[in-house]
Every structure is written in C-alpha cells, then in structure tokens.
There are 2 protein chains.
Amino acid sequence: MSATTARKERERAAREELILDHAQRLLLRDGYQNLNLDELAEAVEYSKGTLYLHFSNKEDLALSVATRALQERADLFEQANQFTGRTRERIRAVGVACGEFARQHPAYFHVELMLKSASFWDRASEERKHLHSLQASRTFLSVNNIVQEAFRVGDISKVGTRPEEVTFGLVSVSMGSHIAAASRELAVACALADPFAVALKNGDIFCDGIGWKPLFADWDYAATDQRIRQELFPQATWLH
Amino acid sequence: MSATTARKERERAAREELILDHAQRLLLRDGYQNLNLDELAEAVEYSKGTLYLHFSNKEDLALSVATRALQERADLFEQANQFTGRTRERIRAVGVACGEFARQHPAYFHVELMLKSASFWDRASEERKHLHSLQASRTFLSVNNIVQEAFRVGDISKVGTRPEEVTFGLVSVSMGSHIAAASRELAVACALADPFAVALKNGDIFCDGIGWKPLFADWDYAATDQRIRQELFPQATWLH
DNA sequence: GTTTGATTATGACTTTGAGTCAAAAACTAT
DNA sequence: ATAGTTTTTGACTCAAAGTCATAATCAAAC
C-alpha cells in the first residue's frame, strides 16, 4: 500500500468515526425511528451520498454504532478479566465493569434492544454483522472463562449444570436487570433507588443461588469492590 | 344506548379485533419496520383510512397488539395466583404460566422489546398507553402479592431487602432469560436444549439465592410442576 | 504548471410508505 | 322516497430513505 493510499485510508476511518459520533448522539436524542439521515449529513458536514459510501443503509449505520459501543464493553470485560482473586471476585469485577459501562452509555441497552428486531439483521451488511458477532463473542468468552475456571477449581460444584448454563444465567440476569431498570414505570413501582446497583445485587443473588463460593455472606465483597474500583477504574468518580 | 348503537359498537369492536389479528400476523412475519399499512388494509379488506379510524398511527396500532397479548399474559398470571400451596410453589406456578405464554406467543417478547424504544410512547395515544399500563400493573401485582406473602409467612426472611426488590429481581430474571433465549447466537453458544426451561431454571436459582423456602433441593418441585399443569393448564399438551 | 484519467463527493431526483381529507357510499329517521 | 347524518374510501400529500449522473478533486505524467 502506497503512502497516499495509507493516508486516504486514515482519513476515511476518521470520517467514519465522525459520522458514528454524530449518529450516536442523534440516535440517543431521537431514537432509531426518528434518526434523519439528511440531518446527520448536515451535522457531519458531508452530503447524504457520502454517508452511503460508508454504510449500505440506515440499519447498517445503527448496527455500527452499536458495535462500536459493544467493542468498548468487550474491552472493559477483558480488562476486568485481568483482576486477580477468587473466581467469584473476578466475576464481580465483570459485573462492576458492566455497570460502569451502563452508566457511561445510558443508551446502549436501548440500542442493543433495537438490534433484536429481526428486520435489522436482514438489511445490514455481512461485514458489519460479522464485526458485531466478533465483539459479542469477546464479551461472552470473558464471562464464560471465569465460570469455567470456577468449575475447575471447585468454587462452583453444582452437579448436572454445565458452565454455559451458568454463563447464560449471568448474562440473562444482567441484561434483564438493566432492561427492567430502564423501564421507568417498573423502577418507580419498585421504588428503586439506584438502578445500576440493582443489577449487581441480582447478580449476587444468582451467584449465591448456584452456590458460587465464597457466598455473599461469607466474604467481604465491599472490600473487593473497593479493590476493583482502585485497580480497574481508578479514573472514575465514585459517588457511593 | 339504543339497540342500533349497541350493534354498531359490537361491529366496530369485531373489526378492531380483525385488524389486530392480521396486524399481529404481519408484525410477527415482517417486524415493525416492515409492517406495511397498505398491505394490512388489503388483508383485512378495509381501506387504509379505516385503519386510522381505529388507531391514531402505526405505533398506536403496534402498542395495541402488544397490549392485547399482555392482557392474555396477565390473565394467565392471575389464574396462576389461584394456585394453592407454599408461596414458592405459587411463584413457580406464575413462572410456568410465563413459560406457557412464551411458548404460545413466540413473538411477544420481541414486540415488548420494541416498546422500550422511546419514540413509541411519544406517538401512541394516551388511551392506549393507559390500557397498556393497566395490564402491566396486573402482571406486576400478581408476582408482588406472592412475594409479599412469602415475607409475611416467613418463607423469605432476607433482612435489608424489600419485597419490591425481590419482585424486580424475578421480573428481571424472567425477562432477561426469555430475551437471551430468543437470541439465536447466544442460545447456540450455550448449547441450550430448551430455551423455555432455562427461564424456569434461572428462576429457581434466583429463589434459592434469596433463600426462598422451601429451597429447590428440599422439596419435590417436579410434583409441584405436575400439579400446576394439571390444575392450571389441563388442556395443554406437555412434551416433557 | 498544465493536462489527463481516475477517484471521490455531491445533491437533485426517484421511490416508498405513513398519514390526510374531500368526496362517495351507506345508513337512519321522517 | 327523501333529506340529513354518519361512515368509508382511496387518491393525494408529504417526509425521508436510497440512487446515480454529474461535478469536483486529486495524483501522476509530461
């Protein structure tokens, strides 16, 4: 690749990031339905045609926004995987990372939900779909690795249950909690103080339920939390 | 109200059901984005204008489809509430009802997810929104009643936890499991045999986690299941 | 520094489908 | 049968996604 082509490639990538930045902002403000490509073109100061040089259609664009966020999430998960300690402390680090991500990206779960609509996957390009599933695998493996090890070292010893079932449960609890917390009506009905904390708490209950040692009552997880925050998120400001 | 007016009202209601039936079918086949009102008008053999005599816009129509399904769900939940036995057996009856509903309405969770998109609630009519929240309350209360009683009789004795938090957890686990199970990729990665059974299993784990007595290991829940199926769903055919 | 051919960007245009409303059809009461 | 009222219609408007012929820009050769 010549020097010129390399520069062009860089410029193209930068423009794509610019488009994604604004698309994310508008998506967050208006939702997918009301995302207007004429307005987006206006915002990034390129023509609508140029948008289509990057993305094959609106779904493809939205999927890319979601994938970029998912990548950041996967990065956080893998970082959390570096945390040292008992396996249950490590899965907790992933839980905290997940909450931290949700705090920083209040719209992410909305976007992810949007992706569950079948029509999306019909229209998005194969390439973007592949990139998305790559990042999805990274988050899945981050969790599953820890669960596997927990079985290996005997911190989980539930007979008749495969590691993947536990991973599936953890993902379900986490996803469900965040989605449910995002539903204002339910959050109000349940008088939830901190919708992010509730996902962690539900995770604790689930882990206790499968008997993942050390159980919540048998360990100082407040200390673990503090260590997680110091080691993994030293920059973040913790209000509680 | 005169006899004529009464008849007209009946006819109008019947037409609305007809529209909702076909809308549900097309929504299931094509998703919300690709639901075409011209095609729907064609299918129900009324003009497009007539659709707008019933629903103020496309979102309003989709919300109505969702509400109708939710009503059926709330009916099942309230039926399940009649089940007699220990509180944990009763919550299990609700769980089975939830799974039975998911089996009968494979699209429901997709539609419910769609509703989480903010733009929906901006455009739907106040009346339809109210009807929806009414049905949502019914399902919430069905679960919350049992949880309250479990605290009252001492089957749950977790200090520092309010009943509503437990209810929120149960809803999260159930919703999360069904959504996660609907995601083909994850279900395949985890090699799930029965995506419906997994929601129940996750519920068991969660209940064990909060120490809801009798614990899963201390009671013959297979027998409870059989009783639930005989008493609540005698008509259904059980493959397992 | 000008020409030329290739690449890239544009925005006017096409198409699609949601939502409207004046006119037509159907119904009701006298 | 007729006049007045209500209901239904589908051609129309309008907004926004997606296209593509043309314009602008760029890179290499002379």
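Modeller: Start with a term. A polar contact is a pair of N or O atoms within 3.5 Å; inside protein, one atom must be able to donate a hydrogen and the other to accept it, and residues adjacent in sequence count only if both atoms belong to side chains. This is a predicted model, so local features need pLDDT of at least 70 and side-chain atom pairs count only at pLDDT 80 or more, while totals for chains, interfaces and linings use all residues. Residues are numbered from 1 along each chain as its sequence is written, chains are lettered from A and ligands numbered from 1 in the order in which they are written, and side-chain values use heavy atoms, with hydrogens and water left out.

Take DNA strand C to begin with. There are 17 residues around it. A residue is near a strand if one of its heavy atoms lies within 4 Å of that strand. Arg15(A), Thr50(A), Leu35(B), Tyr52(B) and Arg123(B) come nearest to DNA strand C.

Which parts of the DNA face the protein here? Of the atoms of DNA strand C within 4 Å of the protein, 66% belong to sugar or phosphate. The rest belong to bases.

Now look at single contacts. An N or O atom in the side chain of Thr50(A) sits 2.6 Å from a phosphate oxygen of DNA strand C. The side chain of Tyr52(B) also has an N or O atom placed 2.8 Å from a phosphate oxygen of DNA strand C. Lys48(B) reaches a base instead: a polar atom of its side chain is 2.9 Å from a base nitrogen of DNA strand C.

Where do these residues come from? Helix 3 (48-54) of chain A, helix 1 (3-30) of chain B and helix 3 (48-54) of chain B each supply at least two residues of the surface near DNA strand C. Helices here are DSSP runs (H or I, at least four residues), as strands are (E, at least two), numbered from the N terminus.

What is this surface made of? Near DNA strand C there are 5 nonpolar, 6 polar and 6 charged residues. Nonpolar means Ala, Val, Leu, Ile, Met, Phe, Trp, Tyr, Cys and Pro; charged means Asp, Glu, Lys and Arg; the others, Gly among them, count as polar.

Move on to DNA strand D. It has 16 residues around it, and Arg7(A), Tyr52(A), Arg123(A), Arg15(B) and Thr50(B) come nearest. Of the atoms of DNA strand D that come within 4 Å of the protein, sugar and phosphate account for 65%.

In the side chain of Arg123(A), an N or O atom is 2.6 Å from a phosphate oxygen of DNA strand D. Leu37(A) uses its backbone: an N or O atom there lies 3.1 Å from a phosphate oxygen of DNA strand D. Asn36(A) has a side-chain N or O atom 3.5 Å from a sugar or linking oxygen of DNA strand D.

The elements giving two or more residues to the surface near DNA strand D are helix 1 (3-30) and helix 3 of chain A, along with helix 3 of chain B. Helix 3 of chain B gives the largest share, 3 residues. By class, the surface near DNA strand D divides into 5 nonpolar, 6 polar and 5 charged residues.
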